[in-house]
Amino acid sequence: MQKAIFIDKDGTLIPNIAYNVNPDKIHLMAGVQAALRQLVKQGYKIVIISNQPGIAHGYFTTTDITRVEQKIGALLREEGLMLSGFYYCPHLPADQCQCRKPRPGLIKKAARDLQIDLQGSWMIGDIMDDIEAGNRAGCQSILLDNGNETIWKFDRNRQPETICNSWEEIAAYIQRRTEIPEELLKLPTATHRLVSSWS
Ligand SMILES: [Mg+2]
Ligand SMILES: [Zn+2]
């Protein structure tokens, strides 16, 4: 089984420009390149999970989104990174589809298509809907706090494993977290010691 870093697109992987599909305006967020290189070295695949209601609104077409995907793929390739999947929901909230985040449909589909072990994977996003989608799919989740979340309502599904302020922090966190041997995670005292030593 593979493991993956599932990444929200707008506001997480690339700066959020509302409904932008112009490839010339797309660039990677600061620190993404180095962080993803580190994570890919640890065996993670890179998969984008994105809500694109602009399609249902008629602001742009699936052809435009394919161009966006190609541009992001090219930007990652320049860094020696491969985009393994690009999954998006084209619907509106009112459509009540299974793929729009906070529902986990896109992540589950990606996991089936790419044989990804969800428990060993992470969802990274800048709002709580990303976190909820990741948690409901059975991944671990990290909120990249770019100031984009405005409703800080935590419940069981909307609880990130941690909150980071940069991609550098995200890569470091996942690295530390996956270095802990499985046995230690099962021993409360040892885990507590380890967790305390992180800060
Ligand atoms: Mg976002
Ligand atoms: Zn959908």
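Trainee: Which strands does H6 lie across, and at what angle does H6 run to E6?

Mentor: This is a predicted model. In it, H6 covers residues 167–179. H6 lies across E4, E5 and E6. Its angle to E6 is about 145°.

Trainee: In what order do the strands form the sheet?

Mentor: The sheet is open and has 6 strands. Their pairing is parallel. The twist from one strand to the next averages 25°. The order is E3-E2-E1-E4-E5-E6.

Trainee: Which are the edge strands?

Mentor: Look for strands that pair on one side only. One of them covers residues 162–164. The edge strands are E3 and E6.

Trainee: What is the bridge partner of Leu143 in E6?

Mentor: Start with E5, residues 140–144. E5 and E6 pair in the parallel sense over 3 bridges. In E6, the partner of Leu143 is Ile163.

Trainee: At what angle does H3 run to E3?

Mentor: H3 spans residues 62–78. This helix lies across E2 and E3. Its angle to E3 is about 150°.

Trainee: Which residues does Ile5 touch?

Mentor: Leave out residues up to four places away in sequence. What remains is Leu39, Tyr44, Ile46, Trp122 and Ile124.

Trainee: Is Ala4 buried or exposed?

Mentor: Ala4 sits in strand E1. Beyond residues up to four places away, Ala4 touches Tyr44, Lys45, Val47, Leu114, Ile116 and Ser121. The cut-off for burial is 20 or more other C-beta atoms within 10 Å. Ala4 has 27 such neighbours, so Ala4 is buried.

Trainee: Why are the buried residues of H1 on the same side?

Mentor: The buried residues of H1 are Val32, Ala35, Leu36 and Leu39. They are on the same side because the arc they cover around the axis is only 95°.

Trainee: What covers the buried residues of H1?

Mentor: H1 runs over residues 32–41. The cover over its buried residues includes E1, E2 and H6.

Trainee: Is Tyr19 buried or exposed?

Mentor: Tyr19 lies in the loop between E1 and H1. Its phi is positive, near 55°. The cut-off for exposure is 12 or fewer C-beta neighbours. Tyr19 has 12 inside 10 Å, so Tyr19 is exposed.

Trainee: What is the phi of Gln115?

Mentor: Gln115 is in the loop between H4 and E4. Gln115 is exposed, with 10 other C-beta atoms within 10 Å. Its phi is positive, near 55°.

Trainee: Which residues does a cis peptide bond join?

Mentor: Most peptide bonds are trans. Look in the loop between E3 and H4, where Pro102 lies. Omega of the cis bond is about 20°. The bond joins Lys101 and Pro102.

Technical notes
Residues numbered from 1 in each chain as written. Chains lettered and ligands numbered in written order. Predicted model: local features only at pLDDT ≥ 70, side-chain atom pairs only at ≥ 80, totals over all residues. Contact = placed C-beta atoms within 7 Å. Helix = DSSP H or I, 4+ residues; strand = E, 2+ residues; numbered from the N terminus. Arc of directions from axis to C-beta. Pairing = 2+ DSSP bridges. Axes fitted to C-alpha atoms, helices over the stretch in contact; angles between N-to-C directions.
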